[in-house]
Amino acid sequence: MSTALAQNRGLGAMIWDYLTTVDHKKIAHLYLVAGGFFFLIGGLEAMLIRIQLMKPDNDFISAGLYNEMITMHGTTMIFLAAMPLIFALMNAVVPLQIGARDVAFPFLNSLGFWLFLFGGVILNVSWFTGGAPDAGWTNYAPLSTVSPGHGVDYYVMGLQISGAGTLIGGINFLVTIVNMRAPGMTYMRMPLFTWAVFVTSALILFAFPALTVGLFLMMFDRMFGSVFFDTAAGGNAIIWEHLFWIFGHPEVYILILPLFGAFSDIFSTFSKKRLFGYSAMVFATVLIGFLGFMVWAHHMFTVGMGPIANSIFAVATMAIAVPTGIKIFNWMFTMWGGNIKMTAAMLWSVAFIPSFTIGGMTGVMLAAAAADYQYHDTYFVVGHFHYVIVGGVVFGLFAALHYWWPKMFGKVLNEKLGKLAFWPFFIGFHLTFFIQHFLGLMGMPRRYWVFLEGQGLEAGNLISTIGAFLMAIGTVIFLVNVVYTSVKAKKVSGDPWDGRTLEWSIPSPPPHYNFTQTPLVRGLDPLWVEKSEGKKGMTPAEPLGDIHMPNASILPFLISLGLFIAGFGFIYQVDNKAWLILVFLGMGLTLGSMLTRSLKDDLGHHIHKEELEKDLEKGAGE
Amino acid sequence: MNNQSQTPQQKAEFERKQHKEEMKQQVISFALMILFTFIAFGMVLLDIGSVFLVPTLLLLAVVQVLFQLYYFMHMKNKGHDMVAVMMYGGLAVAILTIITFTTIIWW
């Protein structure tokens, strides 16, 4: 097996293995490490923001640097931390849950990762080359079109490249789920995580093009002298806002839906019950995805769209509370009367319910257009979206990582340390963000780098900062847990949680062809169906035979590297046309690699029956 | 079609019939599409007022796209549900965007 070979040949071979891998499980590792790294950077930026706001009139960081901090905190957390961590889970779990040996397009899977990584690196290089983007993560025109320096150019190029990677990933998972389900796995037998990933991928497919278009317009305005957003020359700055939010609102559902799916699997596994209201949950997931496209303008109530448009979008927004409510109740009914085991994964999941519900409640408050005129651009909004994103997405990521860690790495994260990380993070989270609702109602605006003395904002901000430190402590304990587990913990079996879905029917970590024989799915929670009939594993749907697998390739890395180089050329050709050389070099590398890919047949390789039998003797695929 | 009681001859017969039917539909839709194209060009050549012309052209275009998708790209056949869902989903999002831009921004 390639992993074992790589370990024998040392570090260089392992790095080469990861640079060229098209194995979804290794790509999941790459996404996890890169996303985790950016999560820490985004967290560091958050800490600096909170230290600046610790006391009135603080001068810890300058106003300009503060603008860069808030911009990069938001951009990093959404695009470079949450998205890749979700993709890590999708890659690690979805092919296993549907009984597939890899995703539909393994080459594109790798390309998607490297595009995301190089886009993220471009964005963060800006710190060292004279200033990061500073127009907010929403990058509204005309603030962004007139922002001096190259910060916003980095934003445009970085997001364009990483956005292409995300779009590729989304299409890949759509095709995978439509085409590669094991025999017997109908749509209504798919685990809820897979369902959520399916809907999420559709949202990615439809939402990201709006961002791509917006970013291209922005790129031409800033780098090539067009005036799409320049009102004085007949353009319209509002177009950016619409394009950004046509993408941006589905984006928040792209973030939360996969974790809704993960919570569903976790609740059902640790309550030892099948998910309550499975079909209602599927329906609610699809409905949220559908409605998610009709509500974007609720971010723009104060733009002046007029009362009719505001009312339509207000009503549509409130409607989303209905499917979300269905989900919340179904999770509670899943636990009701179940044989509940309070593992760390379950702890994060249970804590998610009230936290997210508070965020949903303030969401309905914000959806009331008339009231929104009061809340708009205050800390009330900051409190709201951190309740849904941290209370939903981050809690979900921690829960899902605890749950699927043994499947990814073969070891269970230490439960004691897991719970020890939970409490400071949970308490810190509520300390940080609950008080921010009240700061907002008292009139504290978003994005200001200082607040004044004697306006009653001191205590609230200090509490908020203390909470942020507690969250940092929780995160550090989680990292300690990761290291401790990888050093100290023992390997576990393929099914440490007494799981219900297909991924738990194979060893941990799975062999790189996942399933020695494709399993036959006979119902919802397929492994549980077999277990309840006294069988140990899945019934195979095919005889033991040769397995066809794709070959590793360095081309995705080179394609992305080319775009990375060309990105710098685009950014700096404004100053000096000599920089266009980088564009030609980079695009040459990208297009050359694509040409190589097109002309050179790469038919993959076979794993022969004899090798599989040898693996089986060693205990794989029981 | 996988009926076990069918003999190979019966099956071949059935498939031949099926193909003939398919061919007929394709020829009809192809002829109609050419006719529509002539009508479209003819209307422009005859200088018909744009109030009538533009909606009619759009209607003919939509019908041609549907012919293309359903008859030539086989969306009328079984197993194309997911394709239809995805296409109409994307179409809904795109149309919503266009409606918003025309009514809210540019009106």
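Figure 1. By class, the side of chain B that touches chain A consists of eight nonpolar residues, four polar residues and no charged ones. The search for salt bridges across the interface of these two chains also gives zero. The model shown here and in the other views is predicted.

**Figure 2. The area buried between chain B and chain A.** Here 12 residues of chain B are in contact with 17 residues of chain A. Together the two chains bury about 1200 Å² between them, and 90% of this area is on carbon and sulfur atoms. Within chain B, the residues that lose the most area to chain A are Met82(B), Met86(B) and Ile104(B). Together these three account for 37% of what the chain B side buries.

**Figure 3. The largest cavity.** Two cavities of 30 Å³ or more are found when the whole structure is searched. The largest has a volume of about 130 Å³. Its lining is made up of 13 residues, and those nearest the centre of the cavity are Leu192(A), Asp265(A), Ser268(A), Thr501(A) and Asp525(A). Helix H9 of chain A, residues 238-271, gives the largest share of this lining, with four residues. Sorted by class, the lining of the largest cavity holds six nonpolar, four polar and three charged residues.

**Figure 4. The second largest cavity.** This cavity has a volume of about 50 Å³. Among the residues that line it are Tyr31(A), Phe79(A), Met83(A), Pro84(A) and Phe87(A). The lining also includes Gly112(A), Phe116(A), Gly165(A) and Thr166(A). Three helices of chain A give two or more residues each to this lining: H4 (63-97), H5 (106-125) and H7 (151-179). The largest share, four residues, comes from H4(A). The lining of the second largest cavity has six nonpolar and three polar residues, with no charged residues.

**Figure 5. A salt bridge between Arg222(A) and Asp153(A).** Side chains of opposite charge can pair when their charged atoms come close. Over all chains, the search of the whole structure finds 15 salt bridges. In one between Arg222(A) and Asp153(A), the closest N and O atoms are 2.5 Å apart. Arg222(A) lies in helix H8 (residues 192-223) of chain A and Asp153(A) in helix H7 of chain A, so this pair ties together parts that are 69 residues apart in sequence.

**Figure 6. Two cis peptide bonds in chain A.** One cis peptide bond joins Ala141(A) and Pro142(A), with omega at about 5°. Pro142(A) sits in the loop between H5 and helix H6 (143-146) of chain A. Another cis peptide bond runs from Ser508(A) to Pro509(A), and its omega is near -20°. Pro509(A) is found in the loop between helix H17 (458-488) and helix H18 (526-532) of chain A.

**Figure 7. The backbone at Asp57(A).** Asp57(A) is a residue other than glycine with a positive phi, near 50°. This residue lies in the loop between helix H3 (24-52) and H4 of chain A.

Terms used
Residues are numbered from 1 along each chain as its sequence is written. Chains are lettered from A and ligands numbered from 1 in the order in which they are written. This is a predicted model: local features need pLDDT of at least 70, side-chain atom pairs count only at pLDDT 80 or more; totals for chains, interfaces and linings use all residues. Side-chain values use heavy atoms; hydrogens and water are left out. Contact means heavy atoms within 4.5 Å. Buried area is the accessible area (1.4 Å probe) that two parts lose on being put together, summed over both. A salt bridge is a side-chain nitrogen of Lys or Arg within 4 Å of a carboxyl oxygen of Asp or Glu. Ala, Val, Leu, Ile, Met, Phe, Trp, Tyr, Cys and Pro count as nonpolar, Asp, Glu, Lys and Arg as charged, and the others, Gly among them, as polar. On a 1 Å grid over the protein atoms alone, a cavity is a set of points where a 1.4 Å probe fits but cannot get out, and a pocket is an open set with protein on both sides within 12 Å along at least five of seven lines; lining residues have an atom within 4 Å of a point. Grid points are joined across faces, edges and corners, and a volume is the space filled by probe spheres set on the points.
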